[in-house]
Amino acid sequence: MEFHDPWQTVQRILARKHQYGITRLGSVTELDWIRIPVVQVVRPESLSVSVNQGKGLTFPLAAISALMESLEGWASERISSDIVTTAPFSELNKNMLWSYLDAGDSIEPLSWIAGVDLLSGNRLSVPLALVDTTYTFPSPHPRWMPRDTTGLAAGTSVRQATIHACLEILERHARCKAMRTPHFFDRYQVASRSVTSGSAGEILEKLNAVGFTVGIWQIPAPHELPVYWCQIMEGSDRASFAPLPGEGFGCDLSHDRALTKALLEACQSRLGVISAAREDIRTELYGNADATELTAWRKRLASGGRLITWQEPPVNHDRTFQHVLKAMQLAGARAVALVMLYTDDEVPLHVVRVVAPPLETNPEIYYAQ
């Protein structure tokens with residue numbers, strides 16, 4: 001995400017930290033060898049995770065990334081009951097837009113919230129379970145409703161937040177398809193030595209300088225926006241802080257921006273494990289890893305992949321929004337429902353949720369299988 005003055009935005013948000021329930025903003029960068037800026041924000045009364053992380057090429061960008069992540073949860077937990085309606089699933093699914101959901105009892109009352117379809121301009125009702133992040137027990141939503149945070153985004157403008165949300169949906173939908181693709185890791189790996197320029201090249205240079213091995217895969221997609229999956233691993237010449245690969249993913253309007261996102265997220269994911277502060281880190285990431293398997297995978301990352309020369313997609317950045325919506329349609333979205341969750345022009349801060357039926361957006365279910 002781009003900000004004209006990220007540090008000013010950080011200061012304005014911190015001036016309201018008590019309103020948002022934020023108690024700490026701190027860097028965890030020095031816990032790892034890489035030194036890519038990673039920042040954590042603590043919001044103890046969160047109804048999902050209380051610790052959020054952000055990353056960036058600079059500390060102000062990492063700080064704003066972490067704060068925006070936390071504020072997404074803050075806003076999506078505080079949806080006023082005044083804008084929520086209750087109706088049976090069958091009543092508000094007459095256009096069959098939500099038929100991909102495993103609806104259970106179609107006459108069961110559900111909570112709904114109003115959204116706008118960015119493809120048609122029409123208003124439509126969206127199941128609240130696909131929008132809020134109230135992860136309390138018992139759940140306020142039926143057990144059969146899918147829950148994840150894909151498409152939840154904050155930004156300093158509605159347009160910026162909406163684009164961010166759509167790119168996240170495209171990335172996670174592509175990941176779901178990759179998880180179902182036979183021999184994906186064999187077929188789509190890109191040699192990391194192909195990347196020598198741009199922000200991605202700078203990050204790779206830093207990783208190489210501290211002895212890390214990097215694996216890169218380009219996930220195929222039915223649109224022109226690049227999608228990347230990255231893994232990074234420490235070398236075998238020292239005891240590992242986090243032995244399992246750190247993973248990251250990214251989709252954006254250029255190869256450099258998408259790959260930069262993925263590499264930054266991989267660096268951040270390692271620090272999520274090393275700092276041991278996040279409640280959603282899976283237990284197995286702290287367990288004993290098979291050294292032989294890790295060595296073999298490290299060699300595979302280092303030696304695998306095809307050499308490529310980037311051909312950036314022909315994107316007119318004055319029409320970024322239209323390019324992203326077109327990519328959503330090509331990915332299979334029948335609607336792109338925008339739900340406004342919070343807006344404050346003084347910060348400025350805008351939080352949105354985008355839902356794109358029937359796109360699959362929760363790749364985590366494949367890890368559990």
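**A buried serine, a sheet and some helices**

Reply: Let's start with Ser-70, which counts as buried because its relative accessibility is 0% (buried means under 20% relative accessible area, exposed over 50%, partly exposed in between, with a 1.4 Å probe and protein chains only). Before we go on: this is a predicted model, where local features need pLDDT of at least 70, side-chain atom pairs count only at pLDDT 80 or more, and totals for chains, interfaces and linings use all residues. Residues are numbered from 1 along each chain as its sequence is written, and side-chain values use heavy atoms, with hydrogens and water left out.

Me: Where does Ser-70 lie, and what is Ser-70 in contact with?

Reply: Ser-70 lies in helix H3 (helices are DSSP runs of H or I with at least four residues, strands are runs of E with at least two, and both are numbered from the N terminus). Leaving aside neighbours within four places in sequence, Ser-70 is in contact with Ile-22, Val-41, Arg-43 and Asn-52 (contact means heavy atoms within 4.5 Å).

Me: How do I read a sheet?

Reply: Strands of a sheet pair through backbone hydrogen bonds, either parallel or antiparallel. Here, an open sheet of three strands runs in the order S1-S2-S3, with antiparallel pairing (two strands pair if DSSP finds at least two bridges between them). S1 (24–27) and S3 (51–55) stand at the edges with a single partner strand each, so one side of each has no neighbour in the sheet. From one strand to the next, the twist averages 20° (axes are lines fitted to C-alpha atoms, for helices over the stretch in contact, and angles run from 0 to 180 degrees between N-to-C directions).

Me: How many bridges join S2 and S3?

Reply: Five bridges, with S2 covering residues 38–42. Val-39 stands opposite Gly-54 in S3. Helix H3 (residues 59–76) lies across S1, S2 and S3, at about 145° to S3.

Me: And how do I read two packed helices?

Reply: Two packed helices are described by the angle between their axes and the distance between the axes. Helix H1 (residues 6–14) packs on H3 at about 40°, with axes 9 Å apart. H1 and H3 are therefore oblique to each other (angles under 35 degrees count as roughly parallel, over 145 as roughly antiparallel, 65 to 115 as roughly perpendicular and the rest as oblique).

Me: What is the angle between H4 and H9?

Reply: About 30°, with the axes of H4 (residues 158–179) and H9 (residues 320–331) 10 Å apart. H4 and H9 are therefore roughly parallel to each other.
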